[in-house]
Amino acid sequence: MCIFELVLPGTHINFIDRELSWKFEHLLYHLESAFYEANISLNLFEAEVSKQTRGGGFSREKWNDDFQKRQAMEEEVRREFGLQPYERHEEVMFEADARIKREKWRSGEIPTSHRNQLISIYAKSFIYALDTIDKFLGVISKEEGAPAGVADAQALMGKYFPDLRKVRNSAQHLEDRARGLGAGKQPKPLDLKPVDNGFVSAPQGALMLNNILGTKYGCTMADGNYGEVDVSVESLKNLQIIVQSAFNSFDWLGIRQHLPR
């Protein structure tokens, strides 16, 4: 687990107007919280990737064990239903399959379809946290009395995460992208652009949604291009620079505080 640190330069912002100080401190607190969300999401993402990588592939021993359990369960179902061998076979298979799954779930085993979603969930959580930081920087920079450094910090978001907003929007509106539609109240059909990201090469264009390729979460954006956000330590290092820069833009009073708290 990686814990990324920040430094709050003081206890409160140095404005004569204390209400103005409080307003900025409140907004920066939410910026700080979103940074923690990004850090936690990254740790969960990396841990789940590692877990699934270590999980291994096909196991003959497990396959044999599951096969024997299924046979025994089918026999049990036939006895309960008073059926002869092969009588209402599909119904017996369905009931045996449901019972075996429920036993596994009660013992703590996670369904494959659920487990496969965890990496995507953590990746999107990371992206949403980055998007929240971007939005808070935009809001703070436009408040009266905000130092110019906050706008500079937001500009770095565009430099380090150029596809962030469009990728986040597509992740939030998969119901449109899955139908080949762009953005807006009356979205138009997507004009798919060529894709070549090191994993997929599609000169004719391709609709790609909710993809995890290495450490990158990617999807087709509203403009038809394929966009990605890297869910990685390197991305969080860049985010750390951005958030710290926003903190440092203000004039502070009081002792420095080491974060996280």
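Reply: The largest nonpolar core has 47 residues. Such a core is a set of buried Ala, Val, Leu, Ile, Met, Phe, Trp, Tyr and Cys residues joined through side-chain atoms within 4.5 Å. Buried means under 20% relative accessible area, exposed over 50%, and partly exposed in between (1.4 Å probe, protein chains only). F35, L130, I133, L137, M157 and L239 have the most contacts inside the core.

This is a predicted model: local features need pLDDT of at least 70, side-chain atom pairs count only at pLDDT 80 or more, and totals for chains, interfaces and linings use all residues. Residues are numbered from 1 along each chain as its sequence is written, and side-chain values use heavy atoms, with hydrogens and water left out.

Several elements each supply at least two core residues, among them helix 1 (18-54), helix 4 (112-142), helix 8 (233-248), helix 6 and strand 6. Helices (H or I, at least four residues) and strands (E, at least two) are DSSP runs, numbered from the N terminus.

Take F35. Beyond its neighbours within four places in sequence, F35 is in contact (heavy atoms within 4.5 Å) with F4, L6, I133, L236, L239, Q240 and V243.

Now strand 6, residues 216-220. Strand 6 pairs with strand 7 in the antiparallel sense over five bridges; pairing takes at least two bridges found by DSSP. C219 counts as buried because its relative accessibility is 0%. C2, at 31%, counts as partly exposed.
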